Each structure stands twice: as C-alpha cells, then as structure tokens.
Amino acid sequence: MSDSRDELAAVPDVISGGGEDFSAFAVSRWPGLVRLAFGLTGDRWAAEDLAQATLARAYVAWRRVSRADDPDAYLRRILVNASNRRFRRRRVAEQPGDPPETAVDGHADLVGARASLVAALRQLPVRQRAVVVLRYWEDLTDAQIAATLGCSPGTVRSQLSRALAKLRESPALGEGDER
C-alpha cells in the first residue's frame, strides 16, 4: 500500500511555471477582494468564501489573467460574476452578518454606522449594490465599473443614481426622512 505523500509526489507540480507569480498576486489582492466581496454580500464569512472562489477561478485562468491589460479588473469581474451566481443559486433572504473586524482606534460609533450602511446596502438590488460598492469602496471610475459588470457607463450612472436615491430613503440608515 502506498503512502499518500508518495502519490502526491507523483503528481506534476501545478504550481511551477508561474505559481510563485500567482501566489504573490493572490496574497497582495486578498484584502481588497474580501473587502469588495463583503460589500456585495454583507457577510464576512461569505465574503471570504467568495474571495477564495475568485482566486481559485483566477488560478485556473492564470495565463489569461496575467496577460490581461488590467488583471485587477479581470479579478473583480470574476468576483462579481461569482457573487451573481451565488444569488441565482440561492434565493433565500440573507441574515445580517457581523461587519469584519477593522482597526478603528476608539471610534466605536463608526461600527454602528458601518452596520447600518451594510444593512442599507443589503436592501438594494444586486446590480445597484455592486455599482455602489465598486464606486465608493473600490473607488473605480464609470468605465472601470462598466467593464467589470459588462454594461455601458450610462447604465452604471443610472444604476448608481437609483441606488443613491434608495439609500437616501432607507430606514436602515435612520435619516431617510431628514435629508
């Protein structure tokens, strides 16, 4: 009977030939992917799962990703598509999750504001939420958001306008009537 380590040694090393490049790329992009995924899902654990699935898909397509004009845009597109697939598969009402632990020095009131913002974002349709997160959390331009979502810049602007109008009226932010 052979040892499982012997079997693994017989498998060709899939990491060689650019694997170190991918590892460095993945490590450097991980925090941003989790942040973007959290903005889309509102759940820390789902965000980490989504970021991991994104990196797994990027690894499979590493040659295309590494040769792309903007590998970060390619990665964001993979993440948004994976997030959309998650919504198509499961049409269950989401339960609010805890916001990710952030280094906020003595600003406990910001945690409550962040939780309110995440709750308000969850009330938006998926595409509007994606546009808001890509614009204000990832600081992307209309053209970059359009490329990520596969739509026109005009669609991005209209979705953003509608999303901001809904957020202004959102009871989750607690100031919908006062603005």
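Rings of Phe, Tyr and Trp pair if their centres lie within 6.5 Å. In this predicted model, ring pairs link Phe22, Phe25, Tyr59 and Trp62 into a cluster. The chain has 9 helices and 0 strands. Of its 179 residues, 34% count as buried.

**Overall fold**

- Read along the sequence, the pattern is α-α-α-α-α-α-α-α-α.
- Take the contacts between residues at least 6 apart in sequence: 64% of them join residues at least 24 apart.
- The chain exposes about 11100 Å². Carbon and sulfur atoms supply 52% of that area.

**Aromatic pairs**

- A pair of aromatic rings is described by the distance of the centres and the angle of the planes.
- The count for this model comes to 4 aromatic pairs.
- One of them joins phenylalanine 22 and tryptophan 62.
- Phenylalanine 22 and tryptophan 62 are both buried.
- Phenylalanine 38 and tryptophan 137 form a stacked pair, because their planes are at 10° and the cut-off for stacking is under 30 degrees. Their ring centres are 6.3 Å apart.
- Phenylalanine 38 lies in helix α2 and tryptophan 137 in helix α7 (residues 126-137), so this pair ties together parts 99 residues apart in sequence.
- Phenylalanine 38 is buried, at 3% relative accessible area. Tryptophan 137 counts as partly exposed, at 22%.

**Nonpolar core**

- In soluble globular proteins, nonpolar side chains tend to be buried together.
- The largest nonpolar core here has 40 residues. Leu40, Leu79, Val132, Leu134, Ile145 and Leu149 touch the most other members.
- Helices α2, α3, α4, α5, α6, α7, α8 (142-149) and α9 (153-168) each supply at least two residues of this core.
- Helix α2 gives the most to the core, with 9 residues.
- Isoleucine 145 is in contact with Val131, Leu134, Arg135, Leu140 and Val156, leaving aside neighbours within four places in sequence.

**Helix α3**

- Helix α3 (residues 44-60) has 17 residues. At 1.5 Å a residue they should span 24 Å, and the end C-alpha atoms are 25 Å apart, so the two values agree.
- The buried residues of α3 include Ala46, Ala47, Leu50, Ala51, Thr54, Leu55 and Ala58.
- At the start of α3, a side-chain oxygen of aspartate 43 reaches to within 2.9 Å of the backbone nitrogen of tryptophan 45.

- Serine 83 lies in helix α5 (residues 71-89).
- Serine 83 has a relative accessible area of 2%, so it is buried.
- Serine 83 touches Leu40 and Leu50, not counting residues up to four places away in sequence. Leu40 is also among the core residues that touch the most other members, and Leu50 is one of the buried residues of α3.
- Arginine 86 is in helix α5 too. At 17% relative accessibility, arginine 86 counts as buried, because the cut-off is under 20%.
- The C-alpha atoms of arginine 86 and threonine 41 are separated by 9.6 Å. The two residues are 45 residues apart along the chain.

**Loops on either side of α7**

- Proline 125 is found in the loop between α6 (108-122) and α7.
- Proline 125 counts as partly exposed, at 35% relative accessibility.
- The C-alpha atoms of proline 125 and alanine 163 are separated by 8.4 Å, though these residues are 38 residues apart along the chain.
- Aspartate 139 is in the loop between α7 and α8.
- Aspartate 139 has a relative accessible area of 64%, so it is exposed.
- Most residues other than glycine have a negative phi. Aspartate 139 has a positive phi of about 60° although it is not a glycine.

Notes
Residues are numbered from 1 along each chain as its sequence is written. This is a predicted model: local features need pLDDT of at least 70, side-chain atom pairs count only at pLDDT 80 or more; totals for chains, interfaces and linings use all residues. Side-chain values use heavy atoms; hydrogens and water are left out. Rings of Phe, Tyr and Trp (its six-membered ring) pair if their centres lie within 6.5 Å; planes under 30 degrees apart count as stacked, over 60 as edge-to-face and the rest as tilted. Buried means under 20% relative accessible area, exposed over 50%, partly exposed in between (1.4 Å probe, protein chains only). Helices (H or I, at least four residues) and strands (E, at least two) are DSSP runs, numbered from the N terminus. Contact means heavy atoms within 4.5 Å. The expected span of a helix is 1.5 Å times one less than its number of residues. A polar contact is a pair of N or O atoms within 3.5 Å; within protein, one must be able to donate a hydrogen and the other to accept it, and residues adjacent in sequence count only if both atoms are side-chain atoms. Accessible areas come from the Shrake-Rupley method with a 1.4 Å probe; for residues, only the protein chains shown count as cover. A nonpolar core is a set of buried Ala, Val, Leu, Ile, Met, Phe, Trp, Tyr and Cys residues joined through side-chain atoms within 4.5 Å.
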